[in-house]
Amino acid sequence: AQSFRVGAALKGGVDFDVTKGHDLDPEFTLNNARIYTKAQVLEDVGFSVVAEYRQGDGFNLLDGFVYAKVNDQLQLRAGQTKAPFDRATLSSAFNRLTWNSSIISKYPAVYNKRNRGGALWGTFAIPVSEIDAGALGTIKPSLKYQAGVFEGIEGVKDIGDLLYAGRVQLNLLDGENEYTEAGNYFGTKNV
């Protein structure tokens, strides 16, 4: 099942000068824009390339990685990608309810929370009977693990040192079965 997908996202704003009375004189800005590509070469093997434009910074490679899936419990991602550090790092800036990224997650990165290396990850269903939680729907708990080794950054650490990152996530409600996190449900859940 081969496929190729292309997508785009824009994040901008508009400022109004309210000191001019009824003539607000809007000023439009483009903060950043992304071009997404994802190709599936074989059923469980593919690659993704994401380029990002930032005002004042131009175009940069955001993500460039290959992925492979043996099964839900064993998957690989290698290239320039997000290290599995915390939820704020793994959530897309375009899927959050807040405008800016967290200032707490400041580990070494090549560009915008990305580093070069590889990560193994997977999800395990927790063997319990499905629970009907009313408005939340059926609860299917799961456990997700992520562990990776990345280059680190020269000058931040000694040259040759590697950056090790990992996390374990227990999902009591619906599991997020992707490497990155959704960030929110955009109103699809009645909690």
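Which residues lie nearest the centre of the largest pocket? The legends below begin with that view, in a model that is predicted.

**View 1. The centre of the largest pocket.**
K38, F65, R77, E178 and T180 lie nearest the centre of the largest pocket. They belong to a lining of 37 residues. The space inside amounts to about 980 Å³. By residue type, the lining divides into 13 nonpolar, 11 polar and 13 charged residues.

**View 2. The strands around the largest pocket.**
Several strands each supply at least two residues of the lining. They are β1 (3–15), β2 (27–42), β3 (45–54), β4 (58–71), β5 (74–82) and β6 (114–125). The largest share comes from β4, with six residues.

**View 3. The protein as a whole.**
Along the sequence, the elements follow the pattern β-β-β-β-β-α-β-β-β-β-β. The protein has 191 residues, and 30% of them count as buried.

**View 4. A nonpolar patch on the surface.**
V41, L42, V45, F47, V49, L61 and V66 form a nonpolar patch on the surface. Together these residues have about 540 Å² of accessible area. Strands β2, β3 and β4 are the elements that give two or more residues to the patch. The most comes from β3, with three residues.

L42 is part of the nonpolar patch and is found in strand β2. Is L42 buried or exposed? L42 counts as exposed, because its relative accessibility is 52% and the cut-off for exposed is over 50%.

**View 5. The salt bridge of D63 and R114.**
A search of the whole structure finds seven salt bridges. In one of them, the side chains of D63 and R114 meet, at 2.9 Å from N to O. D63 lies in strand β4 and R114 in strand β6, so the pair ties together parts that are 51 residues apart in sequence.

**View 6. E181 and K144.**
E181 forms a salt bridge with K144. Their closest N and O atoms are 2.8 Å apart. Why does this pair tie together separate parts of the sequence? E181 lies in the segment after β10 (163–171), whereas K144 lies in strand β9 (residues 142–150), so the parts that the pair joins are 37 residues apart in sequence. Both E181 and K144 are buried.

**View 7. E181 and R167.**
E181 also forms a salt bridge with R167. Here the closest N and O atoms are 3.4 Å apart. This pair links distant parts of the chain, 14 residues apart. E181 is in the segment after β10, and R167 is in strand β10 itself. Like E181, R167 is buried.

**View 8. A network of salt bridges.**
Which residues do salt bridges with shared partners join into one network? The network is made up of R34, E52 and R54.

**View 9. F59 and R34.**
R34, a member of that network, is 9.1 Å from F59 in space, C-alpha to C-alpha. In sequence, F59 and R34 are 25 residues apart. F59 is found in strand β4. F59 is exposed, with a relative accessible area of 58%.

**View 10. A51 and D63.**
A51 lies in strand β3. The C-alpha atoms of A51 and D63 are separated by 7.0 Å. Along the chain, the two residues are 12 residues apart.

**View 11. V50 and N60.**
V50 also has its place in strand β3. How far apart are V50 and N60 in space? The distance is 8.8 Å, C-alpha to C-alpha, and the two are 10 residues apart in sequence. V50 is buried, with a relative accessible area of 4%.

Key: Residues are numbered from 1 along each chain as its sequence is written. This is a predicted model: local features need pLDDT of at least 70, side-chain atom pairs count only at pLDDT 80 or more; totals for chains, interfaces and linings use all residues. Side-chain values use heavy atoms; hydrogens and water are left out. On a 1 Å grid over the protein atoms alone, a cavity is a set of points where a 1.4 Å probe fits but cannot get out, and a pocket is an open set with protein on both sides within 12 Å along at least five of seven lines; lining residues have an atom within 4 Å of a point. Grid points are joined across faces, edges and corners, and a volume is the space filled by probe spheres set on the points. Helices (H or I, at least four residues) and strands (E, at least two) are DSSP runs, numbered from the N terminus. Ala, Val, Leu, Ile, Met, Phe, Trp, Tyr, Cys and Pro count as nonpolar, Asp, Glu, Lys and Arg as charged, and the others, Gly among them, as polar. Patches are made of residues with over 30% relative accessible area and no salt bridge: like charges are joined within 9 Å, nonpolar side chains (Val, Leu, Ile, Met, Phe, Trp, Tyr) within 5 Å. Accessible areas come from the Shrake-Rupley method with a 1.4 Å probe; for residues, only the protein chains shown count as cover. A salt bridge is a side-chain nitrogen of Lys or Arg within 4 Å of a carboxyl oxygen of Asp or Glu. Buried means under 20% relative accessible area, exposed over 50%, partly exposed in between (1.4 Å probe, protein chains only).
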